[in-house]
Amino acid sequence: MSADARTSILKPMSVAGNPDAPVDTRPSKFRRPHVTVRGLTKRFDDRTIYEKFDLDLPRGQFVSIFGPNGCGKSTLMNMIAGLIPVDEGQILFDGQTIDEIRFGYVFQNYRDALFPWISAWDNIAYPLRFMKVPKAERNRRVDALVKKFDVRINLKQYPYQMSGGQQQLVSILRALVVDPEILFLDEPFSALDYEMTLFMRDQMQRMFQETGTTTIIVSHDLDEAVYLADRILLLSRAPAKVVDFPIVDVPRPRNALTLADPEFNRVKGHCLEIFQQQVGK
Amino acid sequence: MKSKTLDRLRPFIGVVILIGIWQAIVALKIVDPVLLPSPGKTFSAVYTGLFEQGRLAFDFGKTVERACMGIALATVIGVPVGVILGASENVYRSVEFIIDFFRSTPASAVFPLFLLLFGVGEITKVYISAFGASLAIIFNVAYGVMNARKTRVLAAKIMGAPPLQRMLVVLLESLPQTFIGLRMGATLALVLMITSEMLLGAIDGLGLRIFEEQQLFNMPGMYAAIFCSGLLGYTLNLFFFITERRFVHWAGR
């Protein structure tokens, strides 16, 4: 397809909160995938976690990875993010490798991921240092991000002076400050209390709606996985295969009422059924 | 308001009680007064020795000087060595036994050896205290570096931090443990300094002062010198504590 033909299909829309960004409005199965995984193989000692694994991840969508314990959910995401080397296979982002793109990663354990020797503000600005962004511009960008998401935390504090939720919010902002092409979330809310988890889910959803960044989350919580996602990647026991990749066709912004939405519950029930089949195997 | 004042005074209660008991023992003549002078006599000996006459101030200064040299030397050697050993767990495991062995050897056991190697000069005492202190520092720095949270280094890496910046993350991670090593090392260096001043033919220093006053049966003078050693040790600890609070504000958080 020529470049002209492609632009004619993409009409500008402000779904992602960025009116200049061209948004592909075709159903996701027709879109050019953002991430392509081909022939991925990974073994730990004798155990084969992935064998000739193929996957396409859609652009600008929120994908939850869900599956039985030990099936390699985190391993898959970490291989895509380049944190764990693959044994065989290729993972590309629009034809580029992970080293060539900007990405954000949010760790489960925010306590170990933030730097306690600098303020929350400097933590958020930290990755910009290595992108040769001048100091004034770094501050401007952090400021813009903080304003955009209406963050009401005193960012002059050190991370250890903040609550767990605030620290994880700082982690997420740090991942977003580089304006990532893709965002990885490794069970980001599992160390938080329930109230904070609900609040953070909505913050995350808002950030996703604002930025439209392709986002991948590993979650152990099915409610959370479905609530946040556009699509749910359901994995089998190891060696993992994609069992299903259903679409969550529930409008955003989702809220407490979404939990009672028939479509939400249908998808959730479907995922649970597949999950139980896999666990029972 | 009243309870606040009481809270502020609380640390001194024990001191007052101790001095009270001491005074009572002297007053009731429970212990031979030659062996235990009154608190008043002792503190006036401290004052006279430090600010009026006698050698206490000079000896105090000499011990401070040499102990600081020993601690500085131990730091200059111990921190880099600890970082290098800690950087690779395999390297550390291969020398762990040696470090643990010498760390467990009473440092005073090497006095005669150091005398043979470096002679009776005052620099020998610096070497001895540096030897003892550096082992404590190496051990703690190495563990600090080895236990640096992998997640933080990984986070720095995926945010594009070059190797030198990642190294800095490891060093900052190890700082709290490094300070523990420095504090232990400083205490040990002071112990070794005072002991070697007593035993290794010193011409000055608090250790010599304590020893000489004992030989002369000048008990207020001896207690004064002991008190000064305690003061020195406490001040050293306080110094490291305050420096740590100031520069390693995140320790233990």
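In the predicted model, the residues B:Thr42, B:Ala45, B:Val46 and B:Gly49 of helix H2 of chain B are buried. These four residues cover an arc of only 100° around the helix axis, and they therefore lie on the same side of H2(B). The other side of H2(B) carries the exposed residues B:Gly40, B:Tyr47, B:Phe51 and B:Glu52. Packing of the buried residues of H2(B) takes place against helix H3 (56–87) and helix H10 (219–247) of chain B.

The length of H2(B) was also examined. Just after H2(B), B:Gly54 adopts a positive phi of about 90°.

Chain A contains 9 helices and 11 strands. Of its 281 residues, 35% are buried. Among the contacts in chain A with a separation of 6 or more, 71% are accounted for by residues 24 or more positions apart.

Strands of a sheet pair through backbone hydrogen bonds, in either a parallel or an antiparallel sense. One open sheet of chain A consists of 6 strands in the order S7-S8-S9-S5-S10-S11, with mixed pairing. Strand S7 (103–106) and strand S11 (242–244) of chain A stand at the edges of this sheet; each has a single partner strand, so one side of each is left without a neighbour in the sheet. On average, and with direction ignored, neighbouring strands of this sheet are turned by 25° against each other. Strand S10 (residues 231–235) of chain A is joined to S11(A) by 2 bridges, and the two strands run antiparallel. Within this pair, A:Leu234 stands opposite A:Asp244 of S11(A).

Another open sheet of chain A is built from 3 strands in the order S4-S3-S6, with antiparallel pairing. Its edge strands are strand S4 (47–57) and strand S6 (88–93) of chain A, each of which pairs on one side only. Neighbouring strands in this sheet are turned by 20° against each other on average, direction ignored. Strand S3 (residues 35–44) of chain A pairs with S4(A) over 7 bridges in the antiparallel sense. In this pairing, A:Val37 is placed opposite A:Leu55 of S4(A).

Helix H2 (residues 73–80) of chain A lies across strands of both sheets. In the sheet of 6 strands, H2(A) lies across strand S5 (62–66), strand S8 (182–186), strand S9 (214–218) and S10 of chain A, and runs at about 145° to S9(A). In the sheet of 3 strands, H2(A) lies across S3, S4 and S6 of chain A, with an angle of about 125° to S3(A).

The two chains are in contact through 13 residues from chain B and 15 residues from chain A. On the side of chain B that touches chain A, the largest share comes from helix H7 (residues 150–158) of chain B, which supplies 5 residues. By residue class, this side of chain B divides into 8 nonpolar, 2 polar and 3 charged residues.

Conventions
Residues are numbered from 1 along each chain as its sequence is written. Chains are lettered from A and ligands numbered from 1 in the order in which they are written. This is a predicted model: local features need pLDDT of at least 70, side-chain atom pairs count only at pLDDT 80 or more; totals for chains, interfaces and linings use all residues. Two residues are in contact if their C-beta atoms, placed from the backbone, lie within 7 Å. Ala, Val, Leu, Ile, Met, Phe, Trp, Tyr, Cys and Pro count as nonpolar, Asp, Glu, Lys and Arg as charged, and the others, Gly among them, as polar. Two strands pair if DSSP finds at least two bridges between them. Axes are lines fitted to C-alpha atoms, for helices over the stretch in contact, and angles run from 0 to 180 degrees between N-to-C directions. A residue is buried if 20 or more other C-beta atoms lie within 10 Å of its own, exposed if 12 or fewer, and partly exposed in between; C-beta atoms are placed from the backbone. The arc is that of the directions from the helix axis to the C-beta atoms.
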